[in-house]
Amino acid sequence: MTKRIYRSIVLVALTVLLASILLIMGAVHSYFTGVQFDQLRVETALAAHAVENEGLGYFDRLDDTMDCRITWIDTDGTVLYDNRSDSGTMENHLERQEVIDALETGYGESSRFSATLLEQYIYAAERLPDGTVLRLSVSRRSVLDLVLGMLEPILLVAAAALLLSLSLAKRLSRNIVQPLNTLNLQEPLSNRGYAEIQPLLSRLDSQQEQLRIQARELRQKQKEFNTVTYALNEGLVLLSSSGTILSLNPAAARLLEVTPNCVGADFAVANRNAGIAALAEQALNGQKGEQVLQLTSGQFLAVASPVRSGGVISGVVLLLFDVTQQRESESLRREFTANVSHELKTPLHAISGYAELLKSGIVQPYDVPRFSEKIYAEAQRMIRLVEDTLRLSRLDEGAEEMRWEEADLYVLAQQTCQKLSGPAELAGVALRLQGVHATIRGVPQLLSGILFNLIDNAVKYNHRGGNVDITIDNTPDAVRLTVADTGIGIPPEHRERIFERFYRVDKSHSKEVGGTGLGLSIVKHAAELHKAKISLDSTEGKGTVVTVRFPK
Ligand code: ADP
């Protein structure tokens with residue numbers, strides 16, 4: 001810009017200089033012509049006077065070096081004398097303007113291009129008393145002559161003016177641009193300079209304000225988005241149309257094992273899971289896809305959807321849902337169903353066998369009660385199995401629907417001991433309840449289930465003459481139930497697994513004592529719903545202590 005202003009100023013200065021020189025030369029030229037005419041008039045008058053007195057003799061005295069051309073013209077236009085040309089060969093001069101004027105008024109002058117001398121001339125003519133005309137002429141100096149004549153001073157002035165205008169233009173252009181270079185664009189309205197740029201500065205200021213508002217809104221939206229996605233357990237990744245990561249939440253970074261600051265990186269490079277990279281690629285090509293992937297932290301359902309705006313794919317949304325639990329519970333359910341069917345098959349086969357024998361009539365009458373007893377026992381086992389299965393599936397559905405109330409664990413334990421006193425007596429095991437009354441908030445039905453299964457096991461896996469001690473403790477932060485027996489104990493390698501469904505240390509023994517393999521699963525489930533912790537201590541051959549701690 002400075003250069004442009006500089007060039008413009010120099011150009012204007014040069015144009016003005018040139019125009020001034022031309023105008024001055026024109027004025028000087030016209031002034032000189034006037035002076036020339038005045039001189040010529042005086043000289044013509046003097047020469048006319050001399051010719052009038054001396055006739056042709058005057059011309060003899062004329063100096064050859066004389067500037068003027070002198071022509072004496074007869075009344076009929078014939079040239080009588082000319083100091084530059086041969087008068088005899090010259091054409092008639094009666095038509096010359098100055099001659100016409102001189103014949104008419106006594107004096108005439110004109111200026112024209114001389115065909116005779118091939119130059120611009122000025123003429124002055126005076127009529128003599130005898131009617132003849134004396135004409136003097138001098139060559140008129142052209143503007144070019146004038147310029148050439150004054151070339152040196154003109155060049156000097158022009159050079160001085162040029163130098164001056166160059167340095168002034170430089171300074172001027174710098175001064176003009178200076179306020180523009182030092183504009184404070186952060187605060188456009190604080191600038192005091194040219195009034196002409198005030199509308200531009202106002203516009204800039206309002207646009208900056210709009211940008212600030214938009215940036216604030218964007219930041220707010222980004223914050224909201226981050227807050228929402230930060231708390232999500234599901235992984236969320238946003239990709240641009242070129243496959244670079246625009247955003248990813250902490251869950252996604254954790255699941256894909258990438259650093260959270262990989263935003264801006266190419267997803268295919270940052271992520272090492274080929275399955276998810278293929279899904280993202282497919283979505284970038286416009287195809288939605290989903291796939292269950294095995295990641296380090298479990299099984300995940302990855303869903304990749306293309307985002308379209310105006311018919312063009314502008315990005316991809318990737319979602320990762322944890323389906324580990326879902327898959328595990330599905331496989332557990334399948335396993336459970338298979339186990340239940342298997343467990344039911346044995347008593348059913350037995351019942352069917354005994355019933356068939358009875359039906360065929362080959363059973364001796366004294367054997368009928370024994371067979372009936374067997375059928376009854378198997379049927380009871382089936383009933384227990386079905387009941388336990390139903391209890392477990394009810395627990396699987398959760399305890400929300402059940403009635404929660406304040407329950408005295410000691411009273412529930414008393415009731416359970418009463419229920420189990422018969423079997424305990426049969427097994428020759430003594431049930432002893434001790435401790436204090438302690439109230440906890442829970443589902444009485446489930447608490448009774450815990451007590452029943454633990455005390456039942458303590459009786460079932462005990463020795464004749466053994467004991468079962470049930471204790472209820474009330475501490476400031478928890479209510480504790482302890483069931484200690486003097487039974488067979490549990491080998492260490494089985495302790496972890498006895499809470500699994502249908503897991504039994506000794507299957508035949510369990511069946512013998514009427515076990516279903518579901519008792520401790522029910523205990524574990526019910527305790528979990530009450531946020532209670534189970535601990536187990538056992539010594540083979542000496543007995544087992546199970547403690548359930550209900551936090552307050
Ligand atoms: P079951 O119906 O077979 O008793 P449980 O789930 O109640 O099923 O128990 C699982 C297994 O744990 C039992 O089969 C048994 O082998 C073992 N067990 C449970 N409680 C005791 C105990 N108090 N003493 C010894 N073994 C026990």
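**Entry 1: Glu-98 and Arg-135**

I looked up Glu-98 in this predicted model and found that Glu-98 forms a salt bridge with Arg-135. The closest N and O atoms of this pair are 2.8 Å apart. I then checked where the two residues sit: Glu-98 is in helix H3 (residues 97–105) and Arg-135 is in strand E5 (residues 133–139). They are 37 residues apart, and the pair links distant parts of the chain.

**Entry 2: Arg-212 and Glu-209**

I turned to helix H6 (residues 198–231), which holds both Arg-212 and Glu-209. Their side chains meet in a salt bridge, with 3.0 Å from N to O. Why are Arg-212 and Glu-209 separated by about one helical turn? I wrote down that they are three residues apart in helix H6.

I looked up the exposure of each partner. Arg-212 is partly exposed, at a relative accessible area of 39%. Glu-209 is also partly exposed, at 36%.

**Entry 3: Lys-460 and Asp-456**

I found a salt bridge between Lys-460 and Asp-456, whose closest N and O atoms are 3.4 Å apart. Both residues lie in helix H13 (residues 444–460). They are four residues apart, about one turn of the helix. Lys-460 and Asp-456 are both buried.

I also noted a network: Asp-38, Arg-41 and Glu-109 are joined by salt bridges that share partners.

**Entry 4: Charges in the whole structure**

How many salt bridges does a search of the whole structure find? I recorded 20.

**Entry 5: The chain as a whole**

I looked up the elements and found 16 helices and 17 strands in the protein chain. The radius of gyration is 64 Å, well over the 24 Å that the globule rule gives for 552 residues, so I described the chain as more spread out than a compact globule. I noted the box filled by the C-alpha atoms as roughly 200 × 60 × 35 Å along the principal axes.

Of the 552 residues, 37% count as buried. The accessible surface comes to about 32700 Å², and 56% of this belongs to carbon and sulfur atoms. Last, I checked contacts between residues at least 6 apart in sequence: 54% of them join residues at least 24 apart.

Key
Residues are numbered from 1 along each chain as its sequence is written. This is a predicted model: local features need pLDDT of at least 70, side-chain atom pairs count only at pLDDT 80 or more; totals for chains, interfaces and linings use all residues. Side-chain values use heavy atoms; hydrogens and water are left out. A salt bridge is a side-chain nitrogen of Lys or Arg within 4 Å of a carboxyl oxygen of Asp or Glu. Buried means under 20% relative accessible area, exposed over 50%, partly exposed in between (1.4 Å probe, protein chains only). The radius of gyration is taken over C-alpha atoms; the globule rule is 2.2 Å times the number of residues to the power 0.38. Contact means heavy atoms within 4.5 Å. Accessible areas come from the Shrake-Rupley method with a 1.4 Å probe; for residues, only the protein chains shown count as cover.
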